[in-house]
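Here is a short briefing on helix packing and a metal site. Please keep the sequence and the 3D view open while reading.

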Amino acid sequence: MNKRREWIMSTTPLFPIFYRTAELYMPGKMVFGLNSLERLPKEVRFLGGNSRVLILTDKPVRSTGAPEKALELLRKEGFEATVYDDLEPEPRIELVENAASFAKSFDPEVVVGIGGGSVMDSTKLVAVSFTNPGNLKDYVGPNLLKRRGKPTICIPTTAGTGSEVTQYAVFTIDGKKKTCASPYIIPDVALIDPMLTLSLPPPVTAGCGLDALSHAIESLISTEATPITDELAYLATRLIFNYLKRAYYKPNDVEARYYMSMAATIAGIPLCNARMVVGHSISQTIGPMYKISHGISCAITLPYIMKFYAPVVSEKLAQIAVVIGEDVSQVSLKDAALISAVSVRRLLEEVGVPPSLKSYGVAKEMLPKLAEDSITNFPRPNSPIELNKENVLKILEWMYEGEI
Ligand SMILES: [Fe+2]
């Protein structure tokens, strides 16, 4: 198998990166470890905070006790800290504006977000509201922010979105999902404490873990991938295949939670730097329309987009089969790529995610509109196959039937 891996890795990449200068954005610091929440006061000081700290969260996360624990840790060290918990999933921009007004009245030195992707996304935008005047919604789009904001610490309570390390934040504006993309919102410190994920119920564990898997695999496919993002994506993929089922079936398995948290954060780096392809376009189209969570809507695209891209990135996708331990020594590269796609579909089923679109109440007649909306609203210039209504419709038809 090692021999096979060597052979695959030595093939010429289809999209060599040496014709351009690659950039790699990451947080200033990543702190990772069991019970590392206790390091929060130290990290606040590392960012220059001496007195006032604002913790942003939402009510479900607050009920787990994590924000209160952070508050206690900070107060014990002499900080004046407070919690604002009026955030929500898929946050409406108006609620983030309210959080920003509260933040300005409190005037913290450091802003801390404790929660899932939506809380961290909101925190990132609240932090830049201090230095970018006007309405926050005017900054939601690609590279619209003018400068960095208040020092920010993001603490994930799920293992999936990778928001603690990315330059993205997604909001709901006039009922539609819109993305703010800017290096100025990458948190200064990502503090990852896998203990905070122990209480996640199995369906959330599955959805978040598969979102992270989508980040890893879609980044491999992107024309903006580099050898650095690729290796991180393979590492995250291997960890997810090794540990997602354990975390799903035994939520208190600390080792599984530890490596799933690690996988999600690691996959966030290729997400941030290589970007997503058509899977996330379809997910962001069908998710809000059929009330399917982000992670699940990404997951159900994944086996089929792998089949779609297999002809142009077969080496990359075949390598997935190698890193997850499938024996592909006797098959062609294209077949090995398809074995990877089948393995992903099997993983979905093993964690309770039906892998066909018809299981989610989507009518077949809607597929052409979904294809059109996906490419119009979420174009992907970094897709190695140029997207059009016909080829995206083909992916949706495979998804609908669950057919590889
Ligand atoms: Fe995602």
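Axes are lines fitted to C-alpha atoms, for helices over the stretch in contact, and angles run from 0 to 180 degrees between N-to-C directions. Helices are DSSP runs (H or I, at least four residues), numbered from the N terminus. The model is predicted: local features need pLDDT of at least 70, side-chain atom pairs count only at pLDDT 80 or more, and totals for chains, interfaces and linings use all residues. Residues are numbered from 1 along each chain as its sequence is written, and side-chain values use heavy atoms, with hydrogens and water left out.

**Helix 8 with helix 9**
- Helix 8 and helix 9 (residues 254-274) pack at about 150°, with their axes 8 Å apart.
- That makes helix 8 roughly antiparallel to helix 9 (angles under 35 degrees count as roughly parallel, over 145 as roughly antiparallel, 65 to 115 as roughly perpendicular and the rest as oblique).
- Their crossing is left-handed (the near helix is turned anticlockwise from the far one by less than a right angle; clockwise is right-handed).
- The contact of helix 8 with helix 9 has 19 nonpolar, two polar and three charged residues. Ala, Val, Leu, Ile, Met, Phe, Trp, Tyr, Cys and Pro count as nonpolar, Asp, Glu, Lys and Arg as charged, and the others, Gly among them, as polar.

**Helix 7 with helix 8**
- The axes of helix 7 (residues 202-221) and helix 8 (residues 227-249) come within 9 Å and cross at roughly 160°.
- Helix 7 and helix 8 are therefore roughly antiparallel.
- The crossing of helix 7 and helix 8 is left-handed.
- Contact (heavy atoms within 4.5 Å) involves residues including Gly209 and Leu213 of helix 7 and Tyr234 and Phe241 of helix 8.
- By class, these contact residues divide into 17 nonpolar, four polar and one charged.

**Iron site**
- Asp211 (OD), His215 (NE2), His280 (NE2) and His294 (NE2) are the protein donors of the iron ion, at 2.2 to 2.3 Å.
- Donors are N, O and S atoms within 2.8 Å of the metal (3.2 Å for Na, K and Ca); water is not among the atoms, so sites may look incomplete.
- The four donor atoms subtend angles of 79 to 163°, which makes the arrangement irregular.
- The donor spacing in sequence is D-x3-H-x64-H-x13-H.

**Helix 10 with helix 15**
- The axes of helix 10 and helix 15 (residues 367-377) come within 8 Å and cross at roughly 120°.
- Helix 10 and helix 15 are therefore oblique to each other.
- Helix 10 passes helix 15 in a right-handed crossing.

Note on methods
Helices (H or I, at least four residues) and strands (E, at least two) are DSSP runs, numbered from the N terminus. Four donors count as tetrahedral if all angles lie between 85 and 135 degrees; four count as square planar and six as octahedral if opposite donors are over 155 degrees apart and all others between 65 and 115; anything else is irregular.
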